[in-house]
Amino acid sequence: MAFSMEDLTEAKRQIDSTLHKLRETVKTLEAKENPARYKSQITLAKRRIQAFELAVRLIEREITEKEE
């Protein structure tokens, strides 16, 4: 399935926004008085960050290929 440059750019923008929020969530949870209590939430957020970072790299690769 082919995506337009607009679609790819907007998807990347949305994912970047979500990544920022997830990173802030991890910081907040890790800074709490008893971060071990939030271990599962922290792990989930970190796994989502990894998945979104992968998605961003794939989108960037697709954008680069379209520009060539």
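A contact is defined by heavy atoms within 4.5 Å. Among contacts in the chain between residues at least 6 apart in sequence, those joining residues at least 24 apart make up 69%. The model is a predicted one, in which local features need pLDDT of at least 70, side-chain atom pairs count only at pLDDT 80 or more, and totals for chains, interfaces and linings use all residues. Residues are numbered from 1 along each chain as its sequence is written, and side-chain values use heavy atoms, with hydrogens and water left out.

The chain contains 2 helices and 0 strands, assigned as DSSP runs (H or I of at least four residues for helices, E of at least two for strands) and numbered from the N terminus. Its radius of gyration is 15 Å, well over the 11 Å given by the globule rule for 68 residues, so the chain is more spread out than a compact globule. That radius is taken over C-alpha atoms, and the rule is 2.2 Å times the number of residues to the power 0.38. Along its principal axes, the C-alpha trace spans about 50 × 15 × 15 Å.

Buried residues (under 20% relative accessible area, 1.4 Å probe, protein chains only) account for 19% of the 68 residues. Leaving aside residues up to four places away in sequence, Ile-49 touches Leu-19, Leu-22, Arg-23 and Val-26.

Technical notes. Buried < 20%, exposed > 50% of the residue type's maximum accessible area, 1.4 Å probe, protein only.
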